[in-house]
Amino acid sequence: MSIRIMEAAELLSLNKFNIDEEQAHIVLDKEICSRCQDKPCLLVCPAALYRLDKNGDISFDYAGCLECGTCRVMCINRGIIKWEYPRGTFGISYRYG
Amino acid sequence: MGEENQFDAIVVGAGPAGLACSYLLAKAGKAVLVIERGDAPGAKNVTGGRIYSYALNLLDKDLVDDVAWERKVSHEEIMIINGKRSITMDYHDPSLTEGDESTQSYTILRAVFDQWMADKAEEMGAMVVCGIRVDDMIQREGKVVGVIAGEDEMYAEIVIAADGVNSLMAQKAGLIPDIKKETVGVGVKEVIDLPAKTIEERFKLSQNEGSARMILGCTQGIHGGGFLYTNRESISLGCVFMPQEIVQHGIQIHDIFQELKMHPAIYRLIQDGETVEYSAHLVSEAGFQGMPARLYKEGLLLVGDSAGLVINTGYSIRGMDLALLSGIAAARAILGETDLSQIGPAYLAELEKICLLPTMRLSVGYNQLLEIPRIYSNYPQLAIGVMQRLYQVDGQIPQNFKKQVMEAINESGLTVWQMLKDGLKGVRSI
């Protein structure tokens, strides 16, 4: 496979994740998010995990999260009501870093 | 150790800062517990990156001989990009790979390096436990006396918060407020596998040599820049952005970075390679001004990224060496001070002595310089514009040099007045 522009999802598929199926480490309040005009999360998440669904609502999948914390820092309207690191052993596991 | 204390010290986070501290404490016979939330040391950590060897030398001279490094940096490169054109300056000093171990720098990968450091700390007797997330601290009468992880409570005479840039420990202790968005950059990186021989040919390296490259003008005008480091059999290519400006420009981080990968001057360095990992991490960008006002409270010390210890001068970035220094300073304070309430002030004194705080103070000017927005668009365009005119021979009567430069200045959207002001600011700030 040679070098080319890759979608975020494809890049994430190269990483090693241990997904916590029982507990989401980031939780949004959909109502706050739907009122948020800025929606910085759509741009600043390096994994592009924040998306607009067909109703214009934010949808978010914590499974590919790189745990960088950018969304937490940039969420000015506080739609992110919970941001924690995943429980021990869960989440991203960098093999190179 | 007090009666209820299970440990002399509990270190939260198995990165360079926490492990340097643990290494020295354990070496001095202290009972040290290191708690890491990743399933191995380094599993949650990302670097550009390179580490400066003087700090490892200071930690323990014996360590320097078998550091888990990738390549020794002997090529320091600065690249300026505008459109498809680019300028690369390559400063080569072959002596940097031989002789004096205290002035070298190594490219590293954190999953490898942090594991190596953890092994060394364990050899000294530290206990490194992975896969456990510390949820909170136990505080009594304003003093930190231990940590809580799930249903477990663990007590120690001192707790060291080495939990990184997004330090929830420091926040819970009330030492720092929530991170301000102006003070952090977000870095993204791909690790691209390539055979060692290919890397050596493309970067003109001998067997152990490596190169470190900073890239300016690759961020679509956004405050930030690219980086490229050669590892033994891979290349670390990445970009750092101020997230606030990402929003103002309305561009997605991932898209700008993918474009950098395909830039003709970058692509030829990585072509035929295979991306094996995509990572992202926050990095403190505010230098001395981004540091917490207080680096300790009774029973708790902040080290490494938790203490905001990063210096970005534009031509080099330092973080891991500063992390090591702070870990060393913390250990020295703990070992040298018998009065528990005085460890915090002793830590500050050690940070001064080890030259860390004086170095951080000097970073203030660089940050002012890097705040000039024109550095990220107009100036790269100007540099490329001058080169383009200088080397273009088309059979027409050439214009004199001064006129060509003026043309390039106009084209870049700068004015001589603005350049004078920026130049003055530059000279004053550094």
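Trainee: What percentage of the 430 residues in chain B is made up of buried residues?

Mentor: Good place to start! This is a predicted model, where local features need pLDDT of at least 70, side-chain atom pairs count only at pLDDT 80 or more, and totals for chains, interfaces and linings use all residues. Residues are numbered from 1 along each chain as written, while chains are lettered from A and ligands numbered from 1 in written order. For chain B the share is 52%.

Trainee: How many residues of strand S4(B) are buried?

Mentor: Strands are DSSP runs of E, at least two residues long, numbered from the N terminus. S4(B) covers residues 71–82 and is mostly covered. Of its 12 residues, the buried ones number nine.

Trainee: Which strand runs parallel to S4(B)?

Mentor: Two strands pair if DSSP finds at least two bridges between them. S5(B), residues 85–92, joins S4(B) antiparallel through eight bridges, and S6(B), residues 105–107, is antiparallel too, with two bridges. The parallel partner, joined by eight bridges, is S12(B).

Trainee: In S12(B), which residue is the bridge partner of Met79(B)?

Mentor: S12(B) spans residues 209–216. Within this strand, Met79(B) is bridged to Ile215(B).

Trainee: Which residue in the turn between S4(B) and S5(B) has a positive phi?

Mentor: Those strands form a hairpin with two residues between them. With a phi of about 55 degrees, the turn residue is Gly83(B).

Technical notes. A residue is buried if 20 or more other C-beta atoms lie within 10 Å of its own, exposed if 12 or fewer, and partly exposed in between; C-beta atoms are placed from the backbone. Helices (H or I, at least four residues) and strands (E, at least two) are DSSP runs, numbered from the N terminus.
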